[in-house]
Amino acid sequence: MLGLLFLSIVFSIFLFRVTREKVYIYFSLFAFFLAINRHWNLADAFTRWHMPELNRYVSFIGYAWIFIPFFLLLFIRNFFDTRFQYPKWNKALIIFGWVQLAIGLLDFILRVASHPLSSLVPVSYTHLDVYK
């Protein structure tokens, strides 16, 4: 599945360069963040066994979900040309996309701000991890 996602990303970027239509770049960004999110389980398994000091950062990969629906909505808006065909749906999609993005970014900022700065800096496991 990941190979097909990367293939679709490359193909969409190629089509964007040829046609200069925004719909292809929005789809490639949607697929890019989806591919990042799909690497979540792989990164967790790898860091759990080979690099345990980096395992605390794997949960941040889940924040790729902030951008997945946002770029999907941009893709849908441009693909169906909702600005001219369905103006009420276009307005609803814009509002939903920005509200979803704002809530996700606020959640990320509050999560990062709730930890002391020292918990974000990679350290060796000479102490117990209090923040997990």
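Which helix holds Phe-79? Phe-79 is found in helix H4, which covers residues 67–79. This model is predicted. Keep that in mind as we walk through the chain.

Start with the overall plan. The protein chain has six helices and zero strands. Read from the N terminus, its elements run α-α-α-α-α-α. The chain has 132 residues, and 27% of them count as buried.

Helix H1 spans 2–19 and helix H2 spans 22–38. Two packed helices are described by the angle between their axes and the distance between the axes. For H1 and H2 the angle is about 160 degrees, and the axes are 8 Å apart. That makes H1 roughly antiparallel to H2, because an angle over 145 degrees counts as such. The crossing of H1 past H2 is left-handed.

Between these two helices lies a loop, and Arg-20 sits in that loop. Most residues other than glycine have a negative phi. Is Arg-20 buried or exposed? Its relative accessible area is 57%, so Arg-20 is exposed.

Move on to Ala-35, which lies in helix H2. Ala-35 has a relative accessibility of 1%, and therefore counts as buried. Its C-alpha atom is separated by 9.4 Å from that of Ile-9. Along the chain, Ala-35 and Ile-9 are 26 residues apart.

Next comes helix H3, residues 40–49, with Asp-44 and Arg-48 both inside it. Side chains of opposite charge can pair when their charged atoms come close. How many salt bridges does the structure hold? It holds one. The side chains of Asp-44 and Arg-48 meet in a salt bridge, at 2.8 Å from N to O. These two residues are four positions apart, about one turn of the helix. Asp-44 has a relative accessible area of 22%, so it is partly exposed. Arg-48 is at 47% relative accessibility and therefore also counts as partly exposed.

Now return to H4. How do H4 and helix H6 lie relative to each other, roughly parallel or roughly antiparallel? Helix H6 covers residues 87–113, and its axis comes within 9 Å of the H4 axis. The two axes cross at roughly 165 degrees. H4 and H6 are therefore roughly antiparallel to each other. H4 passes H6 in a left-handed crossing.

Phi of Asp-81 is positive, about 50 degrees, although Asp-81 is not a glycine. Its relative accessibility is 32%, so Asp-81 counts as partly exposed.

Finish at the surface, with Phe-79 again. Why does Phe-79 count as exposed? Because its relative accessibility is 52%, and exposed means over 50%. Phe-79 also belongs to a nonpolar surface patch. The patch is made by Phe-79, Phe-80, Tyr-86 and Trp-89. Its area is about 530 Å².

Note on methods. Residues are numbered from 1 along each chain as its sequence is written. This is a predicted model: local features need pLDDT of at least 70, side-chain atom pairs count only at pLDDT 80 or more; totals for chains, interfaces and linings use all residues. Side-chain values use heavy atoms; hydrogens and water are left out. Patches are made of residues with over 30% relative accessible area and no salt bridge: like charges are joined within 9 Å, nonpolar side chains (Val, Leu, Ile, Met, Phe, Trp, Tyr) within 5 Å. Accessible areas come from the Shrake-Rupley method with a 1.4 Å probe; for residues, only the protein chains shown count as cover. A salt bridge is a side-chain nitrogen of Lys or Arg within 4 Å of a carboxyl oxygen of Asp or Glu. Buried means under 20% relative accessible area, exposed over 50%, partly exposed in between (1.4 Å probe, protein chains only). Axes are lines fitted to C-alpha atoms, for helices over the stretch in contact, and angles run from 0 to 180 degrees between N-to-C directions. Angles under 35 degrees count as roughly parallel, over 145 as roughly antiparallel, 65 to 115 as roughly perpendicular and the rest as oblique. A crossing is left-handed if the near helix is turned anticlockwise from the far one by less than a right angle, and right-handed if clockwise.
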